[in-house]
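Let's take a walk through this fold together. Have the viewer open and follow along.

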Amino acid sequence: MTEVATSAMSDQLLVIIDPVARRTDGESVRIAKDVLSAGAATKVCLPDGPEEFARALQRRGSRRPVLIGDDRALVRAVSLLHRQRELAGSVLSVVPVGSALGLTAALGVPVSAVSAARAVLEGVERRLDLLVDDSDGVVLGALRIPPVPPSGEGAASARAPWLRTCQSLVRTLVAARPARAPSVSAPGPARLRVEVDGSTLVDLDQPVEAVSLAPGGSGAAEVEVRPLSVGAEATPVRAEGRTVTVSGADFRYRSDAGVSGPVRTRTWRAWEGAWGLTLPGG
């Protein structure tokens, strides 16, 4: 990750306020807009949907785009600039507002609207890696196969089937009659081939509980495979490489703010310093 000083105070800003942010937390949006307007020349854009969002970003001219929104807004902006082949020459800033903010926080953006707006004005540009797949999709943070619900919902889902199972067993013993087995939808082990730079890290004969990968920050993807555990916990298998291919039976994966798939094969390539994000200095 490289760092470049920015003269943010002299910039002209294009402030794009995502409609979800306006509906979710209008007060934080107002505060962020006031801080930005007090520190720089701003033009505010209020798109009503994805198409207007894309047009606003495309017509930014020399203004530096500032997004007020959640993780999805950030991923949408990076994806648009990537498809337009304008990502390398662009610097994005974001004030996180909304309910899905795990990605922006992991990237180092302050969660407070005031602190994030001040970082837009006073921060530095950092060049960050990303992953690009063979369908031209981008991944900014971590990717997981099989997908798990965000914000710890996976643990709650696992506890819920366990509780239903116990309750069903108690009812069976008390009533002395057969009980219907509870429906459990938790994903089971997968059989996947994972290749890193052409070398097989794990093959189809080894069931796995999870595969995860993320931009490593040095031009390579960090890969972790968790083999199926029987008894003692299995030791994760880790590797780094510029190209990661996963193949096998149909699988889905969660990346950044959404779930993709099903696909039978997907290849991700690491792009070093592919995009710029304004973060607090120091």
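Two strands count as paired if DSSP finds at least two bridges between them. Helices (H or I, at least four residues) and strands (E, at least two) are themselves DSSP runs, numbered from the N terminus. Before going further, some ground rules: this is a predicted model, where local features need pLDDT of at least 70 and side-chain atom pairs count only at pLDDT 80 or more, while totals for chains, interfaces and linings use all residues. Residues are numbered from 1 along each chain as its sequence is written, and side-chain values use heavy atoms, with hydrogens and water left out.

How far can you trust the model? The predictor's confidence in each residue, pLDDT, runs from 0 to 100. The chain averages 85, and 80% of the residues score at least 70. Residues 2–10 stay under 50, and the model gives them 20 contacts beyond four places in sequence; contact here means heavy atoms within 4.5 Å. The pLDDT is also below 50 over residues 152–185, a stretch with ten contacts beyond near neighbours in sequence.

Now to strand S2 (residues 12–17). Five bridges link S2 to strand S3 (residues 41–45), and the two run parallel; Gln 12, for instance, has Ala 41 as its bridge partner in S3. Strand S4 (residues 64–69) is also parallel to S2 and joined to it by five bridges, with Arg 64 in S4 as the partner of Leu 13. Five of the six residues in S2 are buried, so the strand is largely enclosed by the rest of the structure. Buried means under 20% relative accessible area, exposed over 50%, and partly exposed in between (1.4 Å probe, protein chains only).

Strand S5 (residues 91–96) is where you'll find Ser 93. Ser 93 is buried, at a relative accessible area of 1%. Not counting residues up to four places away in sequence, Ser 93 touches Arg 64, Pro 65, Val 66, Leu 67, Val 120 and Thr 278.

Over in helix H2 (residues 26–39) sits Val 35. Val 35 and Ala 117 are 82 residues apart in sequence, yet 6.3 Å apart in space, C-alpha to C-alpha. With the same exclusion of sequence neighbours up to four places away, Val 35 touches Ala 117, Arg 118 and Leu 121.

What about the nonpolar packing? A nonpolar core is a set of buried Ala, Val, Leu, Ile, Met, Phe, Trp, Tyr and Cys residues joined through side-chain atoms within 4.5 Å. The largest one has 46 residues, and Leu 36, Ile 68, Val 78, Val 95, Leu 140 and Trp 275 have the most contacts inside it. Helix H4 (residues 71–83) supplies the largest share, six residues. Apart from this core lies another, of 21 residues, including Ala 221, Val 223, Val 225 and Val 244.

Finally, the rings. Rings of Phe, Tyr and Trp (its six-membered ring) pair if their centres lie within 6.5 Å; planes under 30 degrees apart are stacked, over 60 edge-to-face, and the rest tilted. The structure holds two such pairs. Phe 251 and Tyr 253 have ring centres 6.5 Å apart and planes at 45°, so this pair is tilted. Tyr 253 and Trp 268 pair edge-to-face, 5.2 Å centre to centre with 85° between the planes. Because Tyr 253 lies in strand S14 (residues 243–255) and Trp 268 in strand S15 (residues 258–279), the pair ties together parts that are 15 residues apart in sequence. Phe 251, Tyr 253 and Trp 268 form one aromatic cluster.
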